[in-house]
Structure formats: structure tokens, C-alpha cells
Amino acid sequence: MKPLLDVKDLKVHFPLASGQTVYAVDGVTFQVNEGDSFGIVGESGSGKSTTAQALMRLVDPIEGVIHLDTQDLTALSGDPLRTMRHKMQMVFQDPYSSLNPRLRAGQAVREPLDLMGLGPVRGRDTRVDEMFTQVGLHPDAKRLFPHQFSGGQRQRLCIARAMVTEPRLIVCDEPVSALDVAIQAQILNLLKRLQKDKRLTYVFISHDLAVVQHICTHVAVMYLGEFVEQAPTGQLFAAAKHPYTWSLMAAALSPHDRSRAGARFTVTGEPPSPIDPPKACRFAGRCPFATDRCRTEKPTLRDFGLGHRVACHYAGELTPPLPELAATA
Amino acid sequence: MQPILEIKNLQVGVDTGKSVQSVLDGVSLQLFPGKTLGVVGESGCGKSMTALATMGLLPDRFSVTGGSIILAGEDLLAAKPSRLRQLRGNALSMIFQEPMTALNPVLTVERQITEVIELHQKKSSAEAREIALEMLRAVQIPGPEERLIAYPHELSGGMRQRVMIAIALACRPKVIIADEPTTALDVTVQAQIFRLLRDLQMQTETAIMLITHDLGAVAEMADDVAVLYAGKCVESGTVEAILGAPAHPYTRGLMSCTPRLRLGAAANDPQAEGLGEIPGMVPPLGRFPKACRFAPRCALADARCHAEQPPLVDTAPGHSALCWKTSPEKAVA
Ligand SMILES: Nc1ncnc2c1ncn2[C@@H]1O[C@H](COP(=O)(O)OP(=O)(O)OP(=O)(O)O)[C@@H](O)[C@H]1O
Ligand SMILES: Nc1ncnc2c1ncn2[C@@H]1O[C@H](COP(=O)(O)OP(=O)(O)OP(=O)(O)O)[C@@H](O)[C@H]1O
Ligand code: SF4
Ligand SMILES: [Mg+2]
Ligand SMILES: [Mg+2]
């Protein structure tokens, strides 16, 4: 099967006034099949949002190709880029700043249809009503302004707006990070239901491993602009092989689970800077297993079957510090 | 042990022009030296209002209408504004929920930290700069020397939050109120920041009020927990009691909403997949139900819950819940 989204060797670098360069995204490759949900997790500054913005062509990559279906997005500009945009939509972390405060909710959801001239003009209001119902808002709420909604309702509004053009792909950048647990659960369940009912495809960015495990079919772990491990979700959480992934998992376990596991494995040392990333293994400075080889030779992504790829010289040879993983490794 | 901060029966109201609506109704909390109290609840439950009332920073039209707030024997509600300014940032400091609104966009990181230090402690600017650098290192900001001259918009969300924490810690306060200090941060930084707060707490006996809707953070950090719902404290107790044997349906609902990491064999167990939901949402101010405020969203609610104020029931020593149905026996009786 041909993937819906095919990203090859994507690089986004930002020049700084000081003359230095931020290697925000530095050679990322992945595919997403239709109906799948591809998660990207990683620490703050690892390049997740920049990857999302490059997919949406909100920033320009300096290298790499992005194919949506058969179209090379990196080659588009002007009108073709605008028409492509209705096939890809984005939901942002901050439901407050991503809505125009002067547009009523109904207009906000309708706007993409008007801007792109999609569908018959008469049908648009009906379509907006449908969208409101689908995301769990009453169509009467169309007359309200964004500030009259709660955070969770605003995020529902953003999802309705993103879905109204029937996009092939929705890029969600931390869509629930600004919401409290109860609303987060409602929105996650909503995204999951919409995906099942409409066969939507997501790229889903989050720093919360448990959230990603809940919603994604595939997960990539990002570190300093690179993917260090990627796998189908079940495989990753059953048998992660990269020490950085282990450290994320250890930090995300509830203390109850952690004490049961009898292990604590969290990274130490300074978080590295993407301005001057280590030349060999980028994680070497914080990795408890690092050897001289790790500091001199760059590990490549190696395939361990089932699409499980790991960039660590010793992947498969190390004993996971988390007993649950050791049992299934 | 004597509490360092004691909030008793706090009432906060907002003047709408027509009437005064209740925002907080009878909230009582105690903070002990060297201990952390987790304050949890959904958005809009009154967590930040509790913090702001304590800091003397309630927004316009909001005011304390009853109760008391005592910091180390001093009644904060009776303190003059000048005294409160003196205490804030020094004995009592706050880490705000939104770093971008709390940081000054036109000042460098260095200036924002040294400003607090120079205000409260008689330090030269060179000394203040040294402390600022030390604080940035303590909160693990990469390249701290370069970051000193950065402006807030040049930092990632996580880094801004760490700068906020550096400012709050700069004067080694007795009480820190941390309003969602790590919500915007990823787990590894969160783990580091919690470790940092705990280390500081051990050295200085600081009491921490940790406001969050993240039960994982509570489990990690808190000694005691208070659960707020619609301006009322609906359950309180030790962290073991609240997370191990939650007595209030709201607390149980919050727990079922929290996605849990499943590793190893559990990762492929379809049974463990679902995520619970609490239907509906927190009522806005002025629309609190008359009897149990949680009743419209509660799966256990019956006619009595909709008609009568639930009692505060002691389910175990030091563990209480505001509910008609704190245990199955009571539901039958
Ligand atoms: N416009 C820009 N100019 C310079 N550097 C930038 C720019 N945008 C992002 N960066 C830098 O690129 C790196 C990656 O940032 P990005 O926002 O993609 O991280 P992230 O993984 O989304 O982090 P977070 O979890 O904090 O949102 C960071 O070091 C950031 O400071
Ligand atoms: N500036 C304001 N003007 C009017 N109402 C407000 C204001 N700030 C808060 N409120 C209302 O006061 C109530 C309590 O809000 P509070 O900010 O304490 O909630 P919170 O528990 O901190 O929520 P969150 O998790 O979203 O920060 C809510 O109903 C909220 O809508
Ligand atoms: S009193 Fe009744 S409605 Fe309120 S929380 Fe308890 S069971 Fe639910
Ligand atoms: Mg981001
Ligand atoms: Mg708040």
C-alpha cells in the first residue's frame, strides 16, 4: 500500500543572528498510511512542532521531500499550495490564540469552506451544523464568540474547523496539553471516535507518552531533531530498545507502577542544545550506556522487523532497566 | 506540627454589578513546613482563585468575603498592601500558570531574575547576576550564560516555565504556590523540576502548594491532597488515602480520565485500552447547583443528591469527603 504521507530526510534549520544555526529538524523520515495515527513524542525543543509546521508548509524545509498522496508538497507555492491546504489541516495546542476573537463560532468553522470555495454555498451552513454536532457542540452555539466558550469547547471548535474541509490528514500539535484531564479525556475520545468513523489520518504530537499510547497506531521518539526510535505502538511499548525511550517511559510511569517495577531510570545531565548537537550519537552525553564508539560514530536507524527502527549501536543487546520491558524484549 | 500556612473556611466572591456570586465556598487548607499539598480539580474549579486570594492578588471585582489566611502567625487578610508586597516574592512566592503573561516581554531573563533579588535582598547587581546564573543552572537551562541576555519570546515554552521557577526560587521563600508549574513541560523536565523542588524543600523546609489537574504530578510530589470542585473542597486526605481509596465520585472520575502508561505485556492488552470520561463540565460562576454541586455529572446521584447539601464525611482519620455516598454501606442506609 502506498502511504498517504511520505516524508523523506526532512531538514529544517534556523539561522540565528549570532551566525549560529539551530538544527531544529535534522533528517527525519517516516510514512503514514491512510487511517493511521502517527505519534511524535520527545522533550521540549526536540523539533516536534517544527516538523508539524514543515508538513503544513508554515516553515520551509532546507532539505527533504514531503509527499501527500502523489503530490510533492515541498515543490508547491502560491495557489496550488493554497488548494492543497484543505487536504491538510492543523489543530494547535492553544485553543485560545488559534481562533479569531471577532468571528462567531459558526463563521469560524465555515470560514475555511468560504476561503477555499468548497462545496455549494447553500450547503455550507448545513455542513457547519453537522460539524458542531460531530464534535459535541450544540448548533445553537454558532452565534457565540470564542471567549464565550470554555477551553475544551474552544478545542472542539478548532477540531470542527480543521475537519470541515474533509482533510485527508490532520496534524495535531499538542491538542490536549492545555486542557485539564477531564476535558483531555473527552477530546481524546472524540478524536479517536472521529478517526474510526471517518477513517481520518493523524500526525499527533505530544510530550505525554500515555496520551500517545492511547491514540496512536505508530510512534516515533524524537531527540534533538532526529528520530531515535520508531515502531507500531504495541511494539514500542512492549519492547522499546533505545535508552532514551526507556528514560521517557521511566519518567512517565506513575510512582506506584515505578516502585512496583523497582526501578528508576531517568536521564541526567544538561539538556542538549540543537545549536551545537553532538556529532556522533546525540544522546551519548546523557546515556548511561554510552561508550567511546557512541561518542565518535553516528548510529544509523536499524530495522528490527515490523517497522521497528532504532538508532543505537547497542539496540537489542542492552537489558532494559524496566522489568516489564525486559520480560517482552 | 504547626502549619506554616493555614486557610480556614475561605469565601471568595465576585461582584457582577447586580449581585455578588460565590467563587470559593468554605475552602480550608493547611500547608506544613517541608511538605507539599496537592490541590487538584478541573479547569474552573477555583484552584487559581485560592492561590491568588492567598497572594493578595485577586483580579478586579473579586474579593475575600469570609474566612482567614494565616502565614506563620500573621493574618494576611488584615495585612496592609505594603506588607503584602514585602512578603510576596520573599516569604511567599508564586509560580504562575502562564509564563508568557507573567514574564515581562521587554526585559531580558537576567533583568527579570535580578529585579526580584535586588528588591528583596540587599545585593549588588554583580551578586544578583551571580545568583541569577546559579538559579538558571539549578533549573537546568542549557547554556545559561547565553540565556541570561535572551528575551522571553526567544525561549521555548518549557524554558520560559523554568525561568519562572528560577524567579520564584531566587529568594528561598517559606511557602511556594506553584500553579500548574509543569503542565506545559515534557516528562523528563517535569521529573527534573520536581526533583529540584523537592531538593530545595529538603534544604529549606519550604512548604509547597502544588496546583494541578495532573494526578501523576500529585502522586509524584504531594504528601497531602485537596480536591476542589466548583469552589468547594470535596475531598481531602493524605496522598495514599486519596489515590489509593478515593471516597468521592469526582475524585474517582478524575482518576479514570487519566491515561496510564502500559508497558510490556500490558501494552497489547485491549482490555486496558479505554479511557474514562466525566460527562459535561464544571458549572460557571452563578450556576452552581443548590445541593451537591457535582450531582448533574455524577453517575451515583439520586434524588437526595439533587435536593440536599451532602455532609462532610470522615471516611478514615484525616480523610474526608463531601458526599452522600462515600461508601457502599452508606448508599444502602
Ligand atoms: N523561528 C525560530 N528561530 C530560531 N529557533 C527556533 C525557531 N523555532 C524553533 N526554534 C528552535 O528549534 C528547536 C525546536 O523547536 P520546536 O518548537 O520544534 O520544539 P518542540 O519539540 O515542539 O518543543 P516543545 O515541546 O517545547 O513545544 C528549539 O531549540 C527552538 O528553540
Ligand atoms: N478574571 C476573571 N473574571 C471572571 N471570572 C473569572 C476570572 N478568572 C477566573 N474566573 C472564574 O472563576 C472561577 C474559578 O476560576 P479559577 O481560575 O480559580 O479556576 P482554576 O481551577 O484555576 O482553573 P484552571 O485549571 O483552568 O486554571 C471559574 O468559573 C472562572 O471562569
Ligand atoms: S453527593 Fe451524590 S451526586 Fe454528589 S458526589 Fe456524592 S453521590 Fe454524587
Ligand atoms: Mg512544540
Ligand atoms: Mg488556574
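Author: Helices (H or I, at least four residues) and strands (E, at least two) are DSSP runs, numbered from the N terminus. With that naming, the largest share of the shell around ligand 1, three residues, comes from α1(A). The model is predicted, so local features need pLDDT of at least 70, side-chain atom pairs count only at pLDDT 80 or more, and totals for chains, interfaces and linings use all residues. Residues are numbered from 1 along each chain as its sequence is written, chains are lettered from A and ligands numbered from 1 in the order in which they are written, and side-chain values use heavy atoms, with hydrogens and water left out.

Reader: Which residues come nearest to ligand 1?

Author: A residue is near a molecule if one of its heavy atoms lies within 4 Å of it. Around ligand 1 there are 13 residues, and A:Ser44, A:Gly45, A:Lys48, A:Ser49 and A:Thr50 come nearest. For polar contacts, the criterion is a pair of N or O atoms within 3.5 Å; within protein, one must be able to donate a hydrogen and the other to accept it, and residues adjacent in sequence count only if both atoms are side-chain atoms. A polar side-chain atom of A:Thr50 is 2.5 Å from an oxygen atom of ligand 1, and one of A:Ser49 is 2.8 Å from an oxygen atom of this ligand. A:Ser46 uses a polar backbone atom, 3.2 Å from an oxygen atom of ligand 1.

Reader: How much of the accessible area of ligand 1 does the protein cover?

Author: Accessible areas come from the Shrake-Rupley method with a 1.4 Å probe; for residues, only the protein chains shown count as cover. Ligand 1 has 640 Å² on its own, and the protein covers 69% of that. The elements giving two or more residues to its shell are β2 (21-32) and α1 (48-55) of chain A.

Reader: How do the residues of that shell divide by class?

Author: Ala, Val, Leu, Ile, Met, Phe, Trp, Tyr, Cys and Pro count as nonpolar, Asp, Glu, Lys and Arg as charged, and the others, Gly among them, as polar. The shell around ligand 1 has four nonpolar, six polar and three charged residues.

Reader: What surrounds ligand 2?

Author: Its surroundings in chain B include B:Ser43, B:Gly44, B:Ser48, B:Phe62 and B:Glu180. Helix α1 (residues 47-55) of chain B gives the largest share of this shell, three residues. An oxygen atom of ligand 2 lies 2.8 Å from a polar backbone atom of B:Lys47. Backbone N or O atoms are also 3.1 Å from a ligand oxygen atom at B:Gly46 and 3.2 Å at B:Cys45. Ligand 2 alone exposes 640 Å², of which the protein buries 68%. Its shell has four nonpolar, five polar and three charged residues.

Reader: Which classes make up the shell around ligand 3?

Author: That shell has eleven nonpolar, one polar and one charged residues. B:Cys292, B:Cys298, B:Cys305, B:Cys323 and B:Trp324 come nearest among the 13 residues there.

Reader: How is the interface between chain A and chain B described?

Author: The size of an interface is often given as the accessible area lost when the parts come together. Here buried area (1.4 Å probe) is that loss, summed over both parts. Chain A and chain B bury about 3700 Å² between them, with 57% of it on carbon and sulfur atoms. Eight residue pairs between the chains are in polar contact, both at pLDDT 80 or more. On the side of chain A that touches chain B, α6(A) gives the largest share, eight residues. By class, that side has 20 nonpolar, 17 polar and nine charged residues.

How values were computed
Buried area is the accessible area (1.4 Å probe) that two parts lose on being put together, summed over both.
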